[in-house]
Amino acid sequence: MPNTKSKKANGGQTKSRASNGSGKAKTSNSKSSATTDQRDTKLAKFFEDSLKDIYWAEKHLTKALPEMQEAATTQELKDAIEKHTQQTEEHVSRLEQVFEILGKKAQAKKCDGMEGLVKEGESVVEETDEGSMTRDAGIIVSAQKVEHYEIAAYGSLVQLATTMGEDEIAEILNETLQEEKETDELLTEIAETNINWEAELEGEGSD
Ligand SMILES: [Fe+2]
């Protein structure tokens, strides 16, 4: 693991050895990648940890989303969730690609944030009636919370990658970021055009 860097007036990188592995420069051919020194900074380590975190989150979602899909009432919402499950699988493999570019093994580190959001979604399902529009409205709220978490995570990762000179990685992560934003907009649209209104008409909840 890390090194015994004499702490230095930071900002730039403290030159330490040609670091990890073989000093192999880059795996990409066209876009620019960071130098091996840039990959040996505290920021790079933080970046890698954040990747592990979102990697766990995405993998967790590939299991949670189908359950949400099944619980949903309307076909429209089921279809949207199904589409997003497929995208999520793609997000997982993009992250694996990023680890590969970095010359690291793809590793997941439990993401408490995503675990909590998914749990929240599960309790929405428990607390709403099967076949109701209120349930769909609730699922959409939960799904949008998930999307906003992911948008924040990927937005930051894209910025960090850019700062570290990892242009190729920034580009890959940005593709995912855009898809997360599109999903969020789609969910808003579904909620606004239909589901929320119908949920409103379901009247008083007794229980
Ligand atoms: Fe995702």
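**Exercise 1.** Determine how helix 4 and helix 5 are oriented to each other.

Solution. The model is predicted, with local features needing pLDDT of at least 70 and side-chain atom pairs counting only at pLDDT 80 or more, while totals for chains, interfaces and linings use all residues. Residues are numbered from 1 along each chain as its sequence is written.
- Helices here are DSSP runs (H or I, at least four residues), numbered from the N terminus.
- Helix 4 and helix 5 pack at about 160 degrees, with axes 8 Å apart; axes are lines fitted to C-alpha atoms over the stretch in contact, and angles run from 0 to 180 degrees between N-to-C directions.
- Angles over 145 degrees count as roughly antiparallel, and helix 4 and helix 5 are therefore roughly antiparallel.

**Exercise 2.** State which residues of helix 1 and helix 4 make their contact.

Solution. 
- Helix 1 (residues 42-71) packs on helix 4 (residues 133-163) at about 160 degrees, the axes being 11 Å apart.
- On helix 1 the contact residues are L43, F47, S50, I54, M68 and A71, and on helix 4 they are R135, I139, A143, A153, L157 and L160 (in contact: C-beta atoms, placed from the backbone, within 7 Å).

Notes: Helix = DSSP H or I, 4+ residues; strand = E, 2+ residues; numbered from the N terminus. Contact = placed C-beta atoms within 7 Å. Parallel < 35°, antiparallel > 145°, perpendicular 65-115°, else oblique.
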